[in-house]
Every structure is written in structure tokens, then in C-alpha cells.
Amino acid sequence: MVWARTRLTIWEDLFPPVKKIYFRFEGKYPEKFYAKINELLKKIFAVPDAYIQEKEYNWKKTENGHKFKIVWSLMKPFDRWSYLNMEIDLKGYSENGYGKASIEFEPRVVTEFPQDYAWQQTVFYEVCRKLWDSIFYKRKREKIYDESKELCMRFQAELKHFGVLLNES
């Protein structure tokens, strides 16, 4: 990924026109999704802990159970310019071992081209960059896009499978 002061940034949603993917669960022990999501993010997306940030953690113990809201941010770099950026939202409650959980995630592929130097901000550079992007990098970006879709669909399938296992136990 590019760490430039100024840059051209292209954000592409993975499943247009849908921006967020929703998963609802009602059953036994919905609070167990917290540990499972942490595990799946590391396992499926194969990123170190440093690329997963817990942006919000709100866990309240009530008289009968738990109420929780956790937000993660995941960044999976693919090459120097492109990476998968995903926000994951878990919220729900559990009373006496039974409750509801709602999981939302918003995946998108981000491509950044630096524009730090004066020559990178010229029309000539932009024409060359656009040509390079359309001739060479477009195919690579499509592969990144497809791989990101597969990872997100696998993440969703694993969450569903875990929900089924929770209700069977």
C-alpha cells in the first residue's frame, strides 16, 4: 500500500450495488461470535494481528446476561498499490444463554496511486498512469477483486456454519 501525502484513491465495493453484507443470528450463546470472528479474520484473510484493529469494544454485563457491540477494521494488502479494506460490526445480547447477534461487514478493494511529486500531478503522468493501469494493472486488480470476493464469501459461510453449530449444541 502506498503511504503518500497526496494520492489518487479508487474505492471499489465488492458486491455492488450492495455495500454491506448482513448476517443475523438468533439462538444459543451469541456472544461466542466475538472469539469466532477474531479467529476467522486471522485464518481466512491470513493477516497478522497488526492488520486487524478493534476500533470499538463495548461489552456490558446485565442482570441476566451480556449486551455487546464490537467493531473491527481489517486491511489485507495485496501489493504496493491495492488492499482489501473491511469494516466488521458485531452487536447483540444474550440472556440466560440465549439471544441475538447481528453481524455486518462492508468489504471494498482500495487502490492508491501516489501523487507526491509535481511531475506525478501533471497531465502527462496521468495519461501514462491511466495507460499502464488499463493495459497492465487492470488484470491484476481484477484478480485481487475476485480473490477478495472469495475470501468474503468464505468468511460469511464460516459464520453461518458456526451459527448452525451453536444452535445444535
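Q: In which helix is Leu-131 found?
A: This is a predicted model. In it, Leu-131 belongs to helix H2, which covers residues 123-168.

Q: Is Leu-131 buried, exposed or partly exposed?
A: Buried means under 20% relative accessible area and exposed means over 50%, with partly exposed in between. Leu-131 has a relative accessible area of 49%, so the residue is partly exposed.

Q: Which residues form the nonpolar patch on the surface?
A: Leu-131 is one of them; the others are Val-123, Val-127, Trp-132, Ile-135 and Phe-136. Together they have about 590 Å² of accessible area.

Q: Where does Asp-79 lie, and is this residue buried or exposed?
A: Asp-79 is in the loop between strand E4 (65-77) and strand E5 (82-95). Its relative accessible area is 15%, so Asp-79 counts as buried.

Q: What does the side chain of Asp-79 reach?
A: The Asp-79 side chain comes to 2.7 Å from the backbone nitrogen of Ser-82. A polar contact, also of 2.7 Å, joins the side chains of Asp-79 and Tyr-137.

Q: How many aromatic pairs are there?
A: Rings of Phe, Tyr and Trp pair if their centres lie within 6.5 Å. The count by this rule is 15. For Tyr-57 and Trp-59, the ring centres are 6.2 Å apart and the planes are at 20 degrees, so this pair is stacked. For Phe-105 and Phe-155, the centres are 5.1 Å apart and the planes at 80 degrees, so that pair is edge-to-face.

Q: Which parts does the pair of Phe-105 and Phe-155 tie together?
A: Phe-105 lies in strand E6 (residues 98-114) and Phe-155 in helix H2, so the pair links parts 50 residues apart in sequence. Both Phe-105 and Phe-155 are buried.

Notes. Residues numbered from 1 in each chain as written. Predicted model: local features only at pLDDT ≥ 70, side-chain atom pairs only at ≥ 80, totals over all residues. Heavy atoms only, no water. Patch = residues over 30% accessible without salt bridge, like charges linked within 9 Å, V, L, I, M, F, W, Y side chains within 5 Å. Areas by Shrake-Rupley, 256 points an atom, 1.4 Å probe, with all protein chains shown as cover. Salt bridge = Lys/Arg side-chain N within 4 Å of Asp/Glu carboxyl O. Helix = DSSP H or I, 4+ residues; strand = E, 2+ residues; numbered from the N terminus. Buried < 20%, exposed > 50% of the residue type's maximum accessible area, 1.4 Å probe, protein only. Polar contact = N/O pair within 3.5 Å; in protein donor to acceptor, adjacent residues only side chain to side chain. Phe/Tyr/Trp six-rings, centres within 6.5 Å; stacked < 30°, edge-to-face > 60°.
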